[in-house]
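Visitor: I would like a close look at one part of this model. Please take me through a helix pair.

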Amino acid sequence: MRLLVLGGTGFVGRHIVEHALARGDDITLFNRGRSAPGLFADVELLRGDRGGDLRALAGGGPWDAAIDVTGYRPQDVGASSRLLAERVERLTFISTISVYDAPSRSGITEDAPLAALSGSGGWEDYGPLKVLCEQEVGAALPGRALIVRPGIVAGPHDPTNRFAWWVARGARGGRLLAPGAPQRPLQLIDARDLAAFVVELTAAGTTGTFNAVGDDLTWGEMLAACCALGPDATPVWVPDATLLAAGIDEAQLPLWIRADDPASVGFMRIDGTRARAAGLLHRPIEQTARDTHAALRAEDGPGLDPALEARLIAA
Ligand SMILES: NC(=O)c1ccc[n+]([C@@H]2O[C@H](COP(=O)([O-])OP(=O)(O)OC[C@H]3O[C@@H](n4cnc5c(N)ncnc54)[C@H](OP(=O)(O)O)[C@@H]3O)[C@@H](O)[C@H]2O)c1
C-alpha cells in the first residue's frame with residue numbers, strides 16, 4: 001500500500017511505521033523533521049507543519065491511505081483531512097479512550113456518550129478536542145474514515161515513562177511500593193500490537209470506530225511481570241489512604257488509579273470486543289515488560305554504546 005503517515009517518529013507513530021515497513025508498504029512521512037531525525041532515513045519525508053504549513057502535503061501523493069497519528073486540534077485535523085480527501089482513498093485517525101464522557105462504569109463501548117469541552121483550555125480538554133478531531137475527519141471523508149481509540153499504550157520508546165517507570169523499578173529489585181490492591185484493574189496495550197491493528201485494518205480498507213485497549217489485567221499481574229526483571233523484587237501493597245495522607249500523587253507513582261476515583265477505574269475496563277473481533281491481538285504483559293526494559297537499557301542506561309563497543313573490540 002502507498003501509505004502516508006502524519007507524524008511517524010514519536011512513540012505510537014514509530015511502531016506504526018515499523019510495522020508498515022515490515023509489510024513492504026511504500027511510506028511517506030509528513031512532519032517537521034525535528035523528532036528523532038534520521039530514525040527512518042530511507043523513508044520519503046515531506047517536511048511541514050500541521051499547524052499551518054501543509055504545502056508539502058498539497059504537492060504529494062496520491063496515496064492509498066493516510067494514518068494521522070498526531071492530530072490534537074480540530075482546526076489542524078480539519079485542514080489536513082480536507083486536503084487529503086482528494087489525495088487518499090481512506091484516512092485513519094488515532095484518537096483516544098479519553099473521548100468518553102466520565103466512564104465511571106466498566107464496559108464502555110464505541111457508542112457510549114462522548115465528552116464535551118470544558119472550555120478551560122487545560123489537559124481535561126484533550127479528550128473533548130479529540131472528539132472534535134474525529135468529527136472533522138468524518139466530515140472530510142464520509143464513509144472513508146477509520147477511527148482508532150487506544151487505551152494507555154506501553155512498550156519500547158514510550159516517552160511518557162508510565163509503564164516504563166514500573167519496569168525500571170521492578171528491574172532495580174527489592175521491596176517496591178505498590179499502590180492500592182493487587183486486584184485493581186488495568187489495561188495496557190502494547191504499542192506494537194496497536195500498530196499491527198492500525199496498519200492491517202487500514203490496509204484492508206476497514207472503516208468505523210474501534211476501542212483499541214489491552215487485555216483485562218490487574219495491577220498484581222502487571223507488577224509480577226515487572227518484578228520478574230529484578231533481583232528479589234517484591235510488591236508491598238500500601239493502601240490509597242496511606243499514600244494520600246503522605247501527599248503522594250500520580251507523578252510519583254505513574255498509572256496509579258485510586259479506588260475513590262470511579263472515572264479512572266472505568267478507563268481501565270473499556271470494552272475492546274469489537275477490535276478483538278476485527279483482529280487485534282495482545283502479546284503477554286511479560287513480553288511488553290521485557291522489551292520495554294531492553295529498550296530502556298539500550299537508550300537511557302549507563303554503559304557502552306554497542307556500536308562503539310564493537311568498534312573498540314575490532315580495533
Ligand atoms: N501514549 C498513549 O498512552 C496514548 C493513549 C491513547 C492515545 N494516544 C494517541 O497516540 C498518538 C501519539 O502518537 P505518537 O506517540 O507517535 O506521537 P506524538 O507525540 O503525538 O507526535 C509525534 C510526531 O508528530 C510529529 N509532529 C509533532 N508536531 C507536529 C507539527 N506541528 N507538524 C507536523 N508534525 C508534527 C513529530 O515530528 P516532528 O516533531 O519532527 O514534527 C512526530 O513524528 C496521539 O494521537 C495520542 O492522542 C496515545
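Visitor: At what angle do helix 3 and helix 4 pack, and how far apart are their axes?

Guide: First, the ground rules. This is a predicted model, where local features need pLDDT of at least 70, side-chain atom pairs count only at pLDDT 80 or more, and totals for chains, interfaces and linings use all residues. Residues are numbered from 1 along each chain as its sequence is written.

Helix 3 (residues 74–84) and helix 4 (residues 126–140) pack at about 15 degrees, with axes 8 Å apart. Helix 3 is therefore roughly parallel to helix 4 (angles under 35 degrees count as such). Helices here are DSSP runs (H or I, at least four residues), numbered from the N terminus. Axes are lines fitted to C-alpha atoms over the stretch in contact, and angles run from 0 to 180 degrees between N-to-C directions.

The crossing of helix 3 and helix 4 is right-handed: the near helix is turned clockwise from the far one by less than a right angle. Helix 3 contributes Pro74, Val77, Gly78, Ser81 and Arg82 to the contact. Helix 4 brings Leu129, Leu132, Cys133, Glu136, Val137 and Ala140. Contact requires C-beta atoms, placed from the backbone, within 7 Å. By class, the contact residues of helix 3 with helix 4 are 7 nonpolar, 2 polar and 2 charged. Nonpolar covers Ala, Val, Leu, Ile, Met, Phe, Trp, Tyr, Cys and Pro; charged covers Asp, Glu, Lys and Arg; the others, Gly among them, are polar.

Now set another pair beside it. The axes of helix 1 (residues 12–23) and helix 6 (residues 191–204) come within 8 Å and cross at roughly 55 degrees. The crossing of helix 1 and helix 6 is right-handed.

How values were computed. Helices (H or I, at least four residues) and strands (E, at least two) are DSSP runs, numbered from the N terminus. Angles under 35 degrees count as roughly parallel, over 145 as roughly antiparallel, 65 to 115 as roughly perpendicular and the rest as oblique. Two residues are in contact if their C-beta atoms, placed from the backbone, lie within 7 Å.
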